[in-house]
Amino acid sequence: MPDATTTDTAVLPVVVIGAGPVGLAAAAHLLERGLTPLALEAGETIGAAIRQWGHTRLFSPWRYDVDDAAARLLETHGWTAPDPEDLPTGAELVERYLQPLAALLAGRIRTGTRVVAVSRAGMDKTRTGNRETTAFLVRIQHTDGALEDLEASAVIDASGTWSTPNPLGRAGLPAPGEAEAIAAGRVTAPLPDVTGRDRGRFAGRHVLVVGAGHSAANTLLELGALAEQEPGTRISWAVRSAGVSRVYGGEDRDELAARGALGTRLRRLVESGVIDVHTSFTITGFSTTADRLAVRATTPSGDEELSVDLLVPATGFRPDLGMLAELRLDLDPAVDAPRRLGPLIDPEFHSCGSVTPHGEKMLAHPETGFYIVGMKSYGRAPTFLMATGYEQVRSIAAALAGDRAAADDVQLVLPETGVCSTDLGGSCDLPAPRSADNSTEDQGCCAPAVAEVPADACCPGPQLVTIGATPVSVRSSGC
């Protein structure tokens, strides 16, 4: 390998970690800027994480799900954009957008390639001299276990958070017995396809859903539909909070009737007794037997134990930072996001993850040329929209190409996605309704609108309040 201090980094690719929506958008923007992208995807296919929740319908319509540079590239090759107002499922997002885009980026994407470490060529975290002009070293692992080192002029980490769900125990730690419960198959993956491919696993079983975001609501509604068709299906719902009313949203007060109806459906399932709710429920341990899972918890009235067949986790995700240990990062100590972004998305103070549009400057680290983008840039904060990630990578590509003015001209048009916490490893989600014959209906659960927000406003979002129907650019630099 060439000596780190003499390598001409200008001839090296910009490595993008992850080939999901934001990673492929980064590749499109870099290519448009005359740079050389190389996207590395751990999965066997592009959009591997999205395929796992492909049955779920996005909360935002196509107009907010397609990156501008990606659209320009696609349209030059005859691609026809979907109806901008339709709400795609995850599977449709992959099939109608990401796969055609990946085909045009062929040769610039490697699948089955897991990044296990990022450093600087020839130096560890402690070395400072010539650091900024030294190539990055990206260590990858192939599916056969073989390791390979690549060099890069810059690195954009768009690997997401889907592979690292939050533990179910208290204090941010796995509960005793949690690993054993997962290994025994008693704890499922997030967002299972309850009424589709996973139906046989849930029919006639007692299922506990843990969490209070849209992923929990999604699973609960699908379980409710399953219970109508499959006698013996029981549903329990556990949350750490003292109540679940916030999950219902605005109901009949909601300006978007379909979204309000969603909350009403969930409330009625609870009030009718179809869903048994356990509030102020903090899990302290699990015991797994051949046919049951015992879930122990503390509650205000004392210790409690639930015996269930399956548990569906809907407790959100966190970033995997292990592969970045040899880089000089500046992270918010609370949410593990870039330090300047952290206070704007901390759920302790921003119930919907308030954040203003942000670009390269807010995402930069002391490690020049390295960026975390997409869902992973939000760390442990629960809300994110793909449109936010698209603007992040547009700004970063401009900065890497030396166009400082374009990098700093951060503009973002966001949909109104309701008062929600979204714990998909991606954009805001709602269930794709299913008919009695198990087919997916044409209409989504809600139709987003947008709001005009003053440039100096603190936007309640990325979900903005609905005021009108005309999208505008938001140019605020911070709260």
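Visitor: Which residue lies over the face of Phe136, and at what distance from the ring centre?

Guide: A charge is taken to sit over a ring if NZ of Lys or CZ of Arg is within 6 Å of the ring centre and within 35 degrees of the ring normal. In this predicted model Arg120 is placed over the face of Phe136, 3.8 Å from the ring centre. Because the model is predicted, local features need pLDDT of at least 70 and side-chain atom pairs count only at pLDDT 80 or more, while totals for chains, interfaces and linings use all residues. Residues are numbered from 1 along each chain as its sequence is written, and side-chain values use heavy atoms, with hydrogens and water left out.

Visitor: How many aromatic pairs does the count come to?

Guide: Rings of Phe, Tyr and Trp (its six-membered ring) pair if their centres lie within 6.5 Å, with planes under 30 degrees apart called stacked, over 60 edge-to-face and the rest tilted; by this rule there are 3 aromatic pairs. One of them, Trp79 with Tyr97, is tilted, at 6.3 Å centre to centre and 45° between the planes. Trp79 lies in the loop between helix 3 (68-75) and helix 4 (90-104) and Tyr97 in helix 4, so this pair ties together parts that are 18 residues apart in sequence. Helices (H or I, at least four residues) are DSSP runs, numbered from the N terminus.

Visitor: Are Trp79 and Tyr97 buried or exposed?

Guide: Buried means under 20% relative accessible area, exposed over 50% and partly exposed in between (1.4 Å probe, protein chains only). Trp79 counts as buried at 15% relative accessibility, and Tyr97 counts as buried at 0%.

Conventions
Helix = DSSP H or I, 4+ residues; strand = E, 2+ residues; numbered from the N terminus.
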